[in-house]
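Student: Before we look at the model together, I would like to learn how to read its features one at a time. Could you take each general idea and then turn to the case shown here?

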Amino acid sequence: MAQPFRRKHQTSFARAMWAVARKDLSAEWRSREMFSAMLIFSLLVVFIFNFSLDLNPKTQREVTAGMLWVTFTFAGTLGLNRSMAIEKDRSCLDGLLLAPVDRSAIYFGKVIGNLIFMITVEIIVLPLFSIFYNINLFNPGLLAVVALGSVGYVVVGTLLATMTVQTRTRDVLLPILLFPVVLPVVASAVRASTFFLQGQPMDLIWPNINIIIAFDLIYIALAYMVFDFVVEE
Amino acid sequence: MAVIEVQGLVKRFGLKTILKGMDFRADFGEFVGLLGPNGAGKTTFLRILSSLSRPSFGQVRVAGFQLPQQAAGVRANLGVLSHQPLLYGDLTGEENLEFYGRMYAVENMPERINEVLDLVDLTNRRRDLVRTYSRGMAQRLAIARAVIHDPAILLLDEPYTGLDQDASAMLDAVLKQIAAQGRTVVMTSHDLVRTAELCTRFDVLSRGKIIASASRDEVPQDGLLAFYRRAIMAPAGGKEAGNGATLPA
């Protein structure tokens, strides 16, 4: 029987997570493939909605949040697909999984990278929405909802992208799986955002924010528990 | 001393059984050539050893750690090289090594990166994007990636696939140098000439089991092809070899 080899010093969860996120950011900084696709898609949606809908101010306050979230979710799907495709195309996912780190650290590293891309796109798109729709979107409450909703969306999206990237129809499969699962977060985010834009009282808004927070936490816990099984043969 | 010990390994994908009670052993410092026809389960076996795939049944012990329970311990002592380089095209060679070095908690990273780049003769291309590398250069960088954490065990899954003669010769030289450093190496390959040259033991995997096993001393220098053919053509069963596998009649 072999004597146990010395257990080497292992990278901590936080260091591994940051290494993965930093690697994604560096690679994207060079190629700008994912970010460009997300941004161009978002800008096209803003322009198309702006030129195709002639809305009065009241209706505009009711539908802007919906249009905003449609833009974010579809652009986000493009980014999520691309983010995992990079890992799959040269079997780099195997390289990540061979590292002696907690595999959840790899997942959360990917989440951080995807979240940074999505929030960067949102930071660029929000002022454009404000200008084109003549509505002030820089409400602290609305920005918090955008951030919380994006967390839930990316947490679920990264997990499902890891699953669908193994399939030939990954580009089609991801949105089909993702949108029903993430519906509670997106629907609550749209409602909360609309209420903020309409200046509704906080006791009407809080239940929606609570739903987003609750689902964010549930998704994070679930992803932490199942990621190991998702990536294992 | 056994570095890799496998007993009764079974791997099923749905209804299909790829490995059917396979036994395998690699001792410290051995360079084992794992031969077999396409679809024999060589890659599946290496994926199980590297903890990328979970055994359906059986005992797998690598570097003293049990799989799948102690997978992180196995991975810390393991370097893997396949025909896919597992490198990021949009990072430079050096950035790729830095990334994997962080994942493996490599100490004295700048010095170690210099060492492994020197080993594979890529020091002058360290700041170039990997997507600008030739196939041979990418494979050499993949070797540097596989040994950045100085693993005791190397698993090589058809590392010569897609390489031209020059690149293969350079890979030969690097693998010989790595093997001389006292690592245990398991390599799958269809290139019998290179396998005969590099390996100290040859195992033939077919029908989900090791059906033949012989040391370099037992096989004449130009006799690996004959040994392999006899093993593949032989009916199940045969002469018992020293390690519990069978030698073809």
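Student: Is F215(A) buried, exposed or partly exposed, and what is its relative accessible area?

Tutor: Buried means under 20% relative accessible area, exposed means over 50%, and partly exposed lies in between, with a 1.4 Å probe and protein chains only. F215(A) has a relative accessible area of 26% and is therefore partly exposed, whereas Y219(A), at 9% relative accessibility, counts as buried.

Student: What should I keep in mind about the numbering and the kind of model?

Tutor: This is a predicted model, in which local features need pLDDT of at least 70 and side-chain atom pairs count only at pLDDT 80 or more, while totals for chains, interfaces and linings use all residues. Residues are numbered from 1 along each chain as its sequence is written, chains are lettered from A and ligands numbered from 1 in the order in which they are written, and side-chain values use heavy atoms, with hydrogens and water left out.

Student: How is a pair of aromatic rings described, and how many aromatic pairs does the structure hold?

Tutor: A pair of aromatic rings is described by the distance of the centres and the angle of the planes. Rings of Phe, Tyr and Trp (its six-membered ring) pair if their centres lie within 6.5 Å, and planes under 30 degrees apart count as stacked, over 60 as edge-to-face and the rest as tilted. Over all chains the structure holds 12 aromatic pairs. One of them is the tilted pair of Y107(A) and F227(A), with 5.2 Å from centre to centre and 40° between the planes. Y107(A) lies in helix 5 of chain A and F227(A) in helix 8 (residues 202–231) of chain A, so this pair ties together parts that are 120 residues apart in sequence. Y107(A) and F227(A) are both buried. F215(A) and Y219(A) also form a tilted pair, at 5.7 Å centre to centre and 50° between the planes; being 4 residues apart in helix 8 of chain A, these two are separated by about one helical turn.

Student: Which residues form one aromatic cluster with Y107(A) and F227(A)?

Tutor: That cluster is formed by F13(A), Y107(A), F108(A), Y224(A) and F227(A).

Student: Turning to chain B, how many helices and strands does it have?

Tutor: Helices (H or I, at least four residues) and strands (E, at least two) are DSSP runs, numbered from the N terminus. Chain B has 8 helices and 12 strands, and buried residues make up 61% of its 249 residues.

Student: Where does A142(B) lie, and which residues does A142(B) touch?

Tutor: A142(B) lies in helix 5 of chain B and is buried, with a relative accessible area of 0%. Not counting residues up to four places away in sequence, A142(B) touches L81(B), P85(B) and L87(B). A142(B) and A105(B) are 37 residues apart in sequence and 18 Å apart in space, C-alpha to C-alpha.

Notes
Contact means heavy atoms within 4.5 Å.
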